[in-house]
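Student: Please show me the structure. After that, I would like to ask about it piece by piece.

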Amino acid sequence: MKVILQTVKEAHVNILGKTVGSISNGYLLLVGFTDGDDQEIVNRMVDKILKLRVFADENRNINLSLFDVKGGILSISQFTLYANTKGGRRPSFVDAMRPHEAEVLYDYFNKQLENVSGIHVETGVFGADMDVYSINDGPFTLVLDSKELF
């Protein structure tokens, strides 16, 4: 499982010109799955994401959590996180989990984020062509890869 986490001042996702998910401050999460990912890995990633302290305090030290800033979460499915660009010029996506399995884990991930934190999670639509807009805060971006973390 890979998650690109960006702290944002605001973010929203549109499909066919209609906003389907929106937050003010908080996390924009781009989420991808690969074969072998399961609910245990998702649970560990949720725990990691919710306990991170990545927002600046009054002294500009990176010391505050999502809870401290009363932030929201916008979660976007992103199978392209598992693109392989080693051979040729067109990416291969054979390392990405098959869509149906990935959708089940993506839904589970979002429900776990909400259930564990009590924070409302906004999402895009799995598999849809989406326009994602964000104003990064910092900018501050982390790459969380379950194979490296756990």
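**Helices, ring pairs and backbone**

Student: Is the crossing of H1 and H2 left-handed or right-handed?
Tutor: Helices (H or I, at least four residues) and strands (E, at least two) are DSSP runs, numbered from the N terminus. A crossing is left-handed if the near helix is turned anticlockwise from the far one by less than a right angle, and right-handed if clockwise. For H1 and H2 the crossing is right-handed.

Student: What kind of model is this?
Tutor: Residues are numbered from 1 along each chain as its sequence is written, and side-chain values use heavy atoms, with hydrogens and water left out. Local features need pLDDT of at least 70, side-chain atom pairs count only at pLDDT 80 or more, totals for chains, interfaces and linings use all residues, and the model is predicted.

Student: Is Val46 buried or exposed?
Tutor: Val46 lies in H1 and touches Phe109, Gln112, Leu113 and Val116, not counting residues up to four places away in sequence. The C-alpha atoms of Val46 and Phe109 are separated by 7.2 Å, although the two residues are 63 residues apart along the chain. Buried means under 20% relative accessible area, exposed over 50% and partly exposed in between (1.4 Å probe, protein chains only). With 2% relative accessibility, Val46 is therefore buried.

Student: What is the C-alpha separation of Leu105 and Asp37?
Tutor: Leu105 belongs to H2 and is buried, at a relative accessible area of 8%. Its contacts, leaving aside neighbours within four places in sequence, are Phe33, Asp37, Asp38, Gln39, Val42 and Met97. Leu105 and Asp37 are 68 residues apart along the chain, and their C-alpha atoms are separated by 8.3 Å.

Student: Is the ring pair of Tyr27 and Phe55 stacked or edge-to-face?
Tutor: Rings of Phe, Tyr and Trp (its six-membered ring) pair if their centres lie within 6.5 Å; planes under 30 degrees apart count as stacked, over 60 as edge-to-face and the rest as tilted. The count of aromatic pairs by this rule is three. One of them, Tyr27 with Phe55, has 5.6 Å centre to centre and 15° between the planes, and is stacked.

Student: Which strand holds Phe55, the partner of Tyr27?
Tutor: Tyr27 is buried at 0% relative accessibility, and Phe55 is buried at 5%. The pair links distant parts of the chain, 28 residues apart: Tyr27 is in E3 (residues 26-32), and Phe55 (in the strand of residues 53-56) is in E4.

Student: What angle do the ring planes of Tyr106 and Phe126 make?
Tutor: Tyr106 is buried at 3% relative accessibility, whereas Phe126 is partly exposed at 24%. Their ring centres are 6.0 Å apart and the pair counts as tilted, because the planes are at 45°.

Student: Which residue is joined to Gly138 by a cis peptide bond?
Tutor: Most peptide bonds are trans. Here omega is about -5°, and the cis bond joins Gly138 to Pro139.

Student: What is the phi of Arg60?
Tutor: Arg60 lies in the loop between E4 and E5 (62-65) and is exposed, with a relative accessible area of 74%. Most residues other than glycine have a negative phi. Arg60 is not a glycine, yet its phi is positive, at about 70°.

Terms used: Contact means heavy atoms within 4.5 Å.
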